[in-house]
Structure formats: C-alpha cells, structure tokens
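This report describes how the parts of one protein model are arranged and packed.

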Amino acid sequence: MRLGIIGLGRMGGNIARRLVRGGHECVVYDRSEKAVAALAKEGMTPATSLEDMAAKLDGPRIFWVMLPAGAPTEQTVTDLSGIGQAGDVIIDAGNTYYKDDMRRAKMLGEKNMHYIDIGTSGGVWGLERGYCMMIGGPKEQVDLLDPIFDTLAPGYGDIVRTHGRDEPDDRAERGYIHAGPAGAGHFVKMVHNGIEYGMMQAYAEGFDILAQKASDKLPEEERMELFLPDIAEVWRRGSVISSWLLDLTAQALAKDKELSQFSGHVSDSGEGQWTIEAAMEEAVPAHVLTAALYARYRSRMDHTFGEKLLSAMRFGFGGHVEMPQ
C-alpha cells in the first residue's frame, strides 16, 4: 500500500522504514528537512508540505500522523481535514487523549473522511521487534488497512501460545487488535501506559531497597554491599518478575551500576494522569497507578537511586532523554 507518514522522529522514521521493508510505499514529511532527506536516500518519496504529500498520494489517501500529542497533532489533523477529500483516512498513532479522538472522528465524519487512532507500543526498538498496536475506528477502514498493520506488528515470534485460547481472529497473537470505535485504541494504550508506570515504579523501589542496604543509616553489622547488575541478571532468568523492563534494567546497570548519567528527574507524557482521571470517572480504585504517577511528580524535587533507574528504563525502551532542570 502507499501512504504518507507525517513526523519522522524516534518512532515515525522507523515505522516508515519497517513499512518499506515490508513492500509498502511511503511518502514522508517532517519539519526537519534533514529527517526527510535521510529517508529519501533510503528510497522513500520526500514531501515538502502536507499539500505536496497529498498530491503524491492516490485517493483514497492514507495519512499516518506520528507527532507529539497536543497542539502539533491537533494542528496537523485540522490541516489535513482541509486538504483531504471524501474517503481519505487520517491515522493518529501518537499518544493522543482518547476524548480528542472521539471529537476528531466526528468532525472528519461530517466531511466523509475517516479517522483511526492507534495506540503504538514498541519505542525505539520497534523497527526490529515490531510494534504492538491497539486500533480504534470503523471496522471497514481498519480491515482495509490490515496489510499495513500486519507489516508493522511483531508477528507470532517465539512467544508460547496462551493455553486455552481458541479465538478465530489471531491478530492479537500477532501483536495488534481492533479495540473498538474511535478513541478505543488510545484508551487501551493509555491504560497500558498507566500500568507501565506502576511496573516501573515497583522495579525502581525494589532496587532502591537493595542499593540502600549498604547505607550508613543501618547498624554496621546489618549492612550489605549488593551487586545490583548480577541481581537484575539472575532475576531475568526463570524469575516470576522477568520482563522486558527488567531486561532494560539489567542493560542499564551493566553499563553503569551507579547510573551516573541519570539525575532521577522523571518526566511523564500524560497517559498516567489520563489513566487516573479515567479511574476516577469510573469509580475504579487505582492505588498503585496513582502512587506511581505521584512518585514521578515528586522526583522533580529531589532524586533517589530508584528514580535514576526509572530514567534509565525510559531511555531504554523509548529513547526518552531527561528534561533539563
């Protein structure tokens, strides 16, 4: 299939690369001429503007938006709604607030255009590992775009099938689902990220307890110097708490057991807060996820070893660099 990719940052550029490797054609645009030129050298069609991109696509056109949530995405979708024609599809695969998706889908529907939201997980590793995708939007359009999603998804890989699962639709096992109507994709991804906050916080606090066992606040006879790289490594192998986040923790500690390149200032991209807001709207208790979000807020005041580990994990899976203080 032929589609336009708007936003060629940490994930957008690699999404375009994975699509081209899978036999699709990509027209690419970004405000950074350097980013566009780099992908043009890899055989993709460069565009100098959204209008230029539209002219280089055949109808019905597919526009894949991979920009930061908020104003950049809002403006781009608004601009595309003016450029687009009936039947065109606009995909937002960033981390947009799901209620914005609902509003945009209604607005585009009035112009007979289609809107699809995709919660995308995979970070900077997605080019090789594939992207886990949670998709919201009209079933007909989602099904028509299945070749794109199939190419981007991880596939079956070597993950053991879930015992007792007998679903005729195997897309979930290949790494993507049609979650529901507009907004459903980003809603599911929002909760995914809220859970991610909690898991990361649990690792961070656990390793902080291990690190502080050598503290001079303890009686001398109770102190222990524990080698954290080995603890992370052994937990990766057969432990019930093994995970990709633990893999990233082990990698970070193997490079520098003191995590000296990280300050412990932990940012958040919004999904954790939105998850807690949804929990409040639904009257669902979310003790762990709320505490994990508040821990990130507190990290901006002073920093612990655990918060350095949170920063290391964020850099590991998403290339997130700490914000200047």
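## Domain arrangement

The centres of domain 1 and domain 2, taken over C-alpha atoms, are separated by 31 Å. Domain 1 covers residues 2-181 and domain 2 covers residues 189-303, with bounds that come from an automatic or database domain assignment. To their contact (heavy atoms within 4.5 Å), domain 1 gives 12 residues and domain 2 gives 11 residues.

The two domains bury about 970 Å² between them, of which 59% lies on carbon and sulfur atoms; buried area is the accessible area (1.4 Å probe) that two parts lose on being put together, summed over both. Asn95, Tyr97 and Trp125 account for 45% of the area that domain 1 buries against domain 2, more than any other three residues.

## Basis of the model

The model is predicted: local features need pLDDT of at least 70 and side-chain atom pairs count only at pLDDT 80 or more, while totals for chains, interfaces and linings use all residues. Residues are numbered from 1 along each chain as its sequence is written, and side-chain values use heavy atoms, with hydrogens and water left out.

## Helix H5

Helices (H or I, at least four residues) and strands (E, at least two) are DSSP runs, numbered from the N terminus.

Tyr98, Asp101, Arg104, Ala105 and Leu108 of H5 are buried, meaning under 20% relative accessible area (1.4 Å probe, protein chains only). Seen down the axis of H5, these buried residues fall within an arc of 105°, so they line one face of the helix; the arc is that of the directions from the helix axis to the C-beta atoms. They pack against helices H4, H10 and H13 and strands E5 and E6.

## Thr96

Thr96 lies in the loop between E5 and H5 and is buried, at a relative accessible area of 4%. Its side chain makes a polar contact with that of Asp92 at 2.4 Å (N or O atoms within 3.5 Å, one able to donate a hydrogen and the other to accept it; residues adjacent in sequence count only if both atoms are side-chain atoms). Leaving aside residues up to four places away in sequence, Thr96 touches residues including Asp101, Arg104 and Trp274.

## Helix H15

In helix H15 (residues 305-318), 12 of the 14 residues are buried. The buried residues of H15 pack against H10, H11, H12 and H14. Just after H15, Gly319 takes a positive phi of about 70°.

Note on methods:
Buried < 20%, exposed > 50% of the residue type's maximum accessible area, 1.4 Å probe, protein only.
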